[in-house]
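Subject: Structure handover and findings

Dear colleague,

I am passing the structure on to you with this email, and below it you will find my notes on what came out of the analysis. Please read them with the structure open beside you.

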Amino acid sequence: MGFLEWLEQTDFGTWVGESLWAYPFFETMHTIGMAMVIGSLGLINLRVLGYKSDLPIFATHKLLPLAWIGFTMNLVSGLSLFASDAQHFWNSYTFRLKMVLIILGGINAAILSRRVFQEPPAGAPPVVPTGGLKWIAASSLVFWFGAICAGRLIAYLP
Amino acid sequence: MEFLVWLEHTAIANAIRTTPWMYPTFETLHYVGLSMLVGGIMLIDLRVLGFARQLSLKSMIGLLPFVWVGFIINATTGSLLFIYGATGFGTNKAFYLKMTFMVIAGLNALAFDLAVRRATLDWVSADRPPPYVKVFATLSFALWLCVVTTGRWMAYR
């Protein structure tokens with residue numbers, strides 16, 4: 001018996017799949033976490049692109065706790081949903097695409113946090129996003145919104 | 001009920017029923033709109049409540065156009081999805097709960113908007129939201145979570 005099959009048959013996996021409220025509960029949690037991640041990272045990326053330029057760019061890192069809370073909620077709820085139907089998800093190309101998009105979004109977020117959120121030394125001018133950083137921000141928006149779309153379409157596409 | 005049956009047989013409903021890509025597309029856009037609408041509102045509410053103070057209250061309230069774009073996407077896609085499944089949604093308790101929460105959230109947002117416009121002591125620029133505005137922000141946060149929850153629960157009555 002493979003790992004995925006085992007996962008589905010654990011007490012937890014069967015509980016999520018069969019309980020009347022567990023699946024919708026984790027789905028709801030996944031949706032709320034999604035809004036938190038998109039709200040916070042979306043604004044950071046838009047700011048790097050030049051939107052709301054009156055917000056100090058360095059200070060947008062104050063939004064990161066919200067992104068982390070949302071991400072953690074979605075990791076927990078996502079793993080729980082995955083456990084209930086592991087083989088189906090794993091074999092879905094749309095699910096795999098979603099995972100790739102999340103990894104790319106995460107790499108971009110890590111690069112941005114190294115380049116944008118480092119507090120400039122006292123008296124130094126604030127960071128002005130270069131073309132390279134703007135490409136990272138723009139592609140991040142594509143990755144995160146792409147992940148939402150792929151996630152929804154797991155139910156419809158192979 | 002007759003109205004719901006009629007809705008379900010309009011040309012739009014038939015088009016959605018016979019074109020395989022339409023329903024998944026509208027549903028997906030509903031999630032994109034949701035993340036803009038609820039993501040944006042959460043940022044504003046949390047900021048009013050004191051989160052991320054280094055970002056000015058005025059700029060954060062200035063995210064409202066972004067929220068409106070999300071709302072328009074969702075009002076449009078939501079209406080299309082409703083027309084397609086009118087008799088199902090029209091008898092769905094979770095749907096009525098969702099609409100109720102949306103109306104209350106809308107009135108609450110209106111109250112917040114009035115509080116911003118009628119502010120005699122410019123609390124927005126001064127970054128000193130009065131206590132009653134913090135109540136609006138807390139209610140807004142809770143109400144939109146209820147909208148998302150009941151919306152998600154519509155699939156499991």
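Helix 3 of chain A has 27 residues and, in this predicted model, reaches 39 Å from its first C-alpha to its last, which is close to the 39 Å expected at 1.5 Å a residue. The helix is mostly covered, in that 20 of its 27 residues are buried. Just after helix 3 of chain A comes A:G50, which takes a positive phi of about 110 degrees.

One residue to look at in this helix is A:I38, which lies in helix 3 of chain A and counts as buried because 28 other C-beta atoms are found within 10 Å, where 20 or more are needed. Leaving out residues up to four places away in sequence, A:I38 touches A:W144 in its own chain and B:S35 and B:G39 in chain B. Although A:I38 and A:F145 are 107 residues apart in sequence, their C-alpha atoms are 8.1 Å apart in space.

The two chains meet through 26 residues of chain A, which are in contact with 24 residues of chain B. On the chain A side, the elements that give two or more residues are helix 3 (22–48) and helix 7 (131–153), and the largest share, twelve residues, comes from helix 3 of chain A. By class, this side of chain A divides into 16 nonpolar, five polar and five charged residues.

The nonpolar cores come next. The largest nonpolar core has 65 residues, and within this core A:A35 and B:V38 touch the most other members, while the element that gives the most to the core is helix 3 of chain A, with twelve residues. If neighbours within four places in sequence are set aside, A:A35 is in contact with B:L34, B:S35, B:V38, B:G39 and B:M42. There is also a second, separate core of seven residues, which includes B:I16, B:L80, B:I83 and B:Y84.

The contact is made by A:F12, A:G13, A:V16 and A:G17 of helix 2 of chain A, together with A:S80, A:L81, A:A83 and A:S84 of helix 4 of chain A, and by class it has four nonpolar, four polar and no charged residues.

As for chain B, its secondary structure comes to nine helices and zero strands, and its C-alpha trace spans about 55 × 25 × 25 Å along the principal axes. Of the 157 residues in chain B, buried residues make up 37%. Among the contacts in chain B with a separation of 6 or more, 83% are accounted for by residues 24 or more positions apart.

The C-alpha atoms of B:A11 and B:V133, which are 122 residues apart along the chain, are separated by 45 Å.

With best regards

Conventions: Residues numbered from 1 in each chain as written. Chains lettered and ligands numbered in written order. Predicted model: local features only at pLDDT ≥ 70, side-chain atom pairs only at ≥ 80, totals over all residues. Contact = placed C-beta atoms within 7 Å. Helix = DSSP H or I, 4+ residues; strand = E, 2+ residues; numbered from the N terminus. Nonpolar A, V, L, I, M, F, W, Y, C, P; charged D, E, K, R; others polar. Core = buried A, V, L, I, M, F, W, Y, C linked by C-beta atoms within 7 Å. Buried ≥ 20, exposed ≤ 12 C-beta atoms within 10 Å, placed from the backbone. Expected span 1.5 Å × (residues − 1).
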